[in-house]
Amino acid sequence: MAKIELKGVGHAYNSINGEPNYALHPLDLTWKDGGTYALLGPSGCGKSTMLNIVSGILTPSKGQILVDGRDVTQLGITKRNIAQVFQFPVVYPAKTVYENLAFPLRCAGMERSKIDKRVIEVAELLNLDGILQSRARRLTPDLKQLISLGRGLVRDDVAVILMDEPLTVIDPQLKFSLRRKLRDISARHGHTLVYVTHDQNEAMTLAEQVVVMDNGRVVQMGTPQELFEDPMHEHVGYFIGSPSMNFLNGKVTGGVVSVMDLPVGSLKQAGIADGEGIKVGIRPEFVHIQKSETKASCFAKVVDVQDLGNNAIVSVKLVDETNIKLKLRENAPSIGSTCFIGFEPPMVRYFVDGVAVQ
Amino acid sequence: MQGLTRYKLLFLLPGLLILLGIILFPLIFTIRVSFSGWDAIRPGLDWIGGTNYGRLFVDGRFWQSLSRLGAIALTSVMFEYLFGFGLALLVWHQVRFRRITRVLFLIPMMTTPVVMAVIWRTIFHESLGPANDIAGMLGLGTIPWLTHSVWATVVVILVDVWQWTPFMFLLLLAGLLSLPKEPFLAAAIDGAGPIRTFFNVTFPAMAPISVGALIIRLIEASKIMETVYVITSGGPGTSTETSSYYIFIRGLRDFQIGYAAALSVTYLVIMIVLLTIIAKILTNTLVKSGV
């Protein structure tokens, strides 16, 4: 396993007026040895480009990739010592599970007895030991994905395991168990794991660090909790959390931020002038219905209630027609009723031009 | 409900009628003719029972032409598959001049069979053709291309391969271009070289399209006629005579229409049975076992 460093790595598939049109803007990023990382973002945000650059499928137009300090930018896929699991399970269908797992070792010219030992080890790890003699084509997609992963794990020289949305074709029920298995394996063996997904649940449950991307840039890298509680960018607030963060137009007066003349908090950071446009962000989990009107509550009308069983998503409309979502565990109001809502002050966040300010 | 059935039939009727007209009627008519003694002297649909079929069973020339056809068709289709696959693999990743080279490869297929057969006959002409000039330069002496039974068969196979390799090439190239990228990337990541990648990824992935291409070509190759007609006329002797050519001789040269019909029907039945068996074997060996 290894530490991966991206130094000024950027890639443009084409150029506009002589200027490179970056699909991935030049960036610096370090993935530490044994860490589990998720690249999270909407389709076309550059996450697969980044993964392909690391795996060697794509040579970046700028920058260097270092694996344990060794520059591998110009090395081909074969020489990178990476393992990759693709979106669709890739197995050698005519071969048995055993032959599939042994394939990379045979290619490397390893002795038969050593191959046998390694394959059995990995098969036991992935619970594939009972089906070693079955033909891979007859297996279910989740087992095929495990074989793809096994072909990576069987080599002991693997620097990093890359996964490109590997659970997309798996049934929801199997998805859950496979996700847990992936996490266990990565935790037990200390592999550096990079996982690409557009599903925030997958990213949050699998990775220690989530790299949120948008428009070819890394917007924030942090633990799931950091991303949830302290989004550094509006995009993170919007992309992480279900439902996404509420954004309201605020006003700054002498360092105090107010929404519809209702003070919601004050800014620690200087340099934001009075009257400047500011966005106030609050997670639906931190908006509450208050029993009676207070100084810090605003009047709202309930326009929609979605009962999700253990909680309810309530949409309310404020006096200025702004829509806000609340996530309530109990006592959801009925549609058409009116109420007073309040925010948890420590959980209110502020954004200027899309970037978080303190 | 009955009304609906009636409407369904009404809409199906035009298609069924056309099918009846173009497939069933000629087939049924041929079967009927095969039980008649229709020839140049006594034309007409009389009834002679199974006489033609009895005659056919002891007609050694027909059975020889059938086994010869089998050998020619299998050999040429095998070479067409090998060359077609080879060429498709060569141009698969081609970036420059891809359109022009692909069009060039297709020229043999677009040429009129008779014209190209005449050209090939000229090339292999024993005293005037360039083939023997080249053979002479290589010190091989004069080769009896069209007057020796083995060489004549070789020439027929060669011309068929020349003409139909592009068809294989086209089908297999389309197949290659439609393959997903991931298995190839996975093989590269696993450290497989080009030969391992071919046998473990490319060939198994191409198996279904290979079977399709081979069957289509075998059906076509079993009807080989113009090439034989123009290049060797079935000669020397009957050494390159294939079934269709023999049926043509009996039916349109000797005007033994009834007998030719019996030959055709027998040929058709044998072909259906044989090709079904071949298709089954190919599917089992190439597709189901995944090679």
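Is B:Asp254 buried or exposed, and how many other C-beta atoms lie within 10 Å? B:Asp254 is exposed, because 12 other C-beta atoms lie within 10 Å (a residue is buried with 20 or more other C-beta atoms within 10 Å of its own, exposed with 12 or fewer, and partly exposed in between, C-beta atoms being placed from the backbone). The model is predicted, so local features need pLDDT of at least 70 and side-chain atom pairs count only at pLDDT 80 or more, while totals for chains, interfaces and linings use all residues. Residues are numbered from 1 along each chain as its sequence is written, and chains are lettered from A and ligands numbered from 1 in the order in which they are written.

B:Asp254 sits in the loop that joins α11 (243-253) to α12 (257-288) of chain B. Its C-alpha atom is 31 Å from that of B:Ile216, a residue 38 positions away along the chain.

Chain B as a whole contains 12 helices and 0 strands (DSSP runs numbered from the N terminus: H or I of at least four residues for helices, E of at least two for strands). Its C-alpha trace spans about 75 × 70 × 35 Å along the principal axes, and 31% of its 291 residues are buried. Of the contacts in chain B with a separation of 6 or more, 69% link residues 24 or more positions apart (contact: C-beta atoms, placed from the backbone, within 7 Å).

Turning to the partner chain, 18 residues of chain A and 15 residues of chain B take part in the contact. On the chain A side, β6 (82-85) and α2 (97-107) each supply at least two residues.

Note on methods: Two residues are in contact if their C-beta atoms, placed from the backbone, lie within 7 Å.
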